[in-house]
Amino acid sequence: MYLTPKSLTSVENTQTSIDPFPESFKSKCPIVTFSTGSSLNRPFYSLSRLAQENVINSSDQGRENQGEIDQSYVELAIDVLRAQNQEYIQALKDFLTVLPNPGWVELVLIKAIYQLAEIDHEAGRWVLHHSAYLMPELDINNYAVQWVCFKLQSQGFIFDQDFWFVAPLQLGLTKNAELELWQDISLGDRLILEEIFKIHDP
């Protein structure tokens with residue numbers, strides 16, 4: 001497989017479900033950390049609020065410029081992920097180093113996964129089942145946790161009361177929180193809930 005770089009051109013920056021963390025929410029959105037001192041009576045995950053840090057990226061690298069990513073990079077990533085081949089994915093990640101910083105690489109991969117879910121559901125499932133192939137450029141499990149926390153907290157649900165983690169990627173929900181989680185979601189969001197959290201539309 002031969003990959004040749006293309007120049008970056010601006011595209012319209014539109015808000016979609018694959019960018020669930022708007023700038024206005026950045027100071028309010030929690031980050032999930034793994035607790036080394038967990039017990040049977042405490043959740044494995046704890047939430048702490050960050051003042052200026054982005055919840056998907058450990059820094060703001062690339063977030064302010066996400067609209068400038070050429071769609072051709074996303075389309076290339078979709079084609080590669082659709083092939084369901086580990087070596088091709090590694091070649092893709094190597095190629096994407098032409099982008100200005102790791103935040104852009106992460107965003108390209110996220111966009112590709114969401115768009116792949118729309119056109120090839122089974123390939124999307126394969127990618128999530130083999131998410132380790134995307135590491136370290138994209139930790140899709142961490143992304144999924146942050147997305148769930150954002151969606152529920154933005155609707156007024158409270159962590160450790162309306163939703164909680166009893167184990168890594170094992171999500172507990174009240175009935176109301178569960179119903180809200182399935183409201184107005186894309187096929188990519190649905191795939192994440194089904195394949196990563198192993199929960200299904202009630």
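Predicted model: local features only at pLDDT ≥ 70, side-chain atom pairs only at ≥ 80, totals over all residues.
User: What percentage of the residues in the chain is buried?

Analyst: A residue counts as buried when its relative accessible area is under 20%. The chain has 202 residues, and the buried share of them is 49%.

User: Among contacts between residues at least 6 apart in sequence, what percentage joins residues at least 24 apart?

Analyst: A contact here means heavy atoms within 4.5 Å. Among contacts in the chain between residues at least 6 apart in sequence, the share that joins residues at least 24 apart is 68%.

User: Which residues does Leu193 touch, not counting residues up to four places away in sequence?

Analyst: Leu193 is one of the residues with the most contacts inside the largest nonpolar core. Leaving aside residues up to four places away in sequence, Leu193 touches Trp147, Val148, Leu181, Trp182, Ile185, Lys198 and Ile199.

User: Are α3 and α7 roughly parallel or roughly perpendicular?

Analyst: The axes of α3 and α7 are 8 Å apart, and the two helices pack at an angle of about 95°. Angles of 65 to 115 degrees count as roughly perpendicular. The orientation of α3 to α7 is therefore roughly perpendicular.

User: How many nonpolar residues does the contact of α3 with α7 have?

Analyst: From α3, the residues Tyr114, Ala117 and Glu118 meet Leu187, Gly188, Asp189, Leu191 and Ile192 of α7. By class, this contact of α3 with α7 has 1 polar residue and 2 charged residues, and its number of nonpolar residues is 5.

User: How are α4 and α7 oriented to each other?

Analyst: Helix α4 (residues 121-129) and helix α7 (residues 187-195) have axes that come within 10 Å and cross at roughly 50°. The crossing of α4 and α7 is right-handed. By their angle, α4 and α7 are therefore oblique.

User: Into which classes do the residues of the contact of α4 with α7 divide?

Analyst: On the α4 side, His121, Gly124, Arg125, Leu128 and His129 take part, and they meet Leu191, Ile192, Glu194 and Glu195 in α7. The residues of the contact of α4 with α7 divide into 3 nonpolar, 3 polar and 3 charged.

User: How many nonpolar residues are in the contact of α5 with α7?

Analyst: Helix α5 (residues 140-154) and α7 have axes that come within 11 Å and cross at roughly 110°, which makes α5 roughly perpendicular to α7. Their contact is made by Tyr143, Ala144, Trp147 and Val148 of α5 with Asp189, Ile192 and Leu193 of α7. The contact of α5 with α7 has no polar residues and 1 charged residue, and its number of nonpolar residues is 6.

User: Is Ala77 buried or exposed?

Analyst: Ala77 is found in helix α1 (residues 71-82). Not counting residues up to four places away in sequence, Ala77 touches Leu92, Val108 and Ala112. With a relative accessible area of 0%, Ala77 is buried.

User: What distance separates the C-alpha atoms of Glu87 and Tyr133?

Analyst: Glu87 lies in helix α2 (residues 86-95) and is exposed, with a relative accessible area of 65%. Glu87 and Tyr133 are 46 residues apart along the chain, and their C-alpha atoms are separated by 9.1 Å.

User: Which residues does a cis peptide bond join?

Analyst: Pro136 is in the loop between α4 and α5. The cis peptide bond has an omega of about -5° and joins Met135 and Pro136.

User: What is the phi of Lys198?

Analyst: Lys198 is found in the segment after α7. Lys198 is exposed, with a relative accessible area of 53%. Its phi is a positive value in a residue other than glycine, near 60°.

Note on methods:
Residues numbered from 1 in each chain as written. Heavy atoms only, no water. Axes fitted to C-alpha atoms, helices over the stretch in contact; angles between N-to-C directions. Helix = DSSP H or I, 4+ residues; strand = E, 2+ residues; numbered from the N terminus. Parallel < 35°, antiparallel > 145°, perpendicular 65-115°, else oblique. Left-handed = near helix turned anticlockwise from the far one by under 90°. Nonpolar A, V, L, I, M, F, W, Y, C, P; charged D, E, K, R; others polar. Core = buried A, V, L, I, M, F, W, Y, C linked by side-chain atoms within 4.5 Å. Buried < 20%, exposed > 50% of the residue type's maximum accessible area, 1.4 Å probe, protein only.
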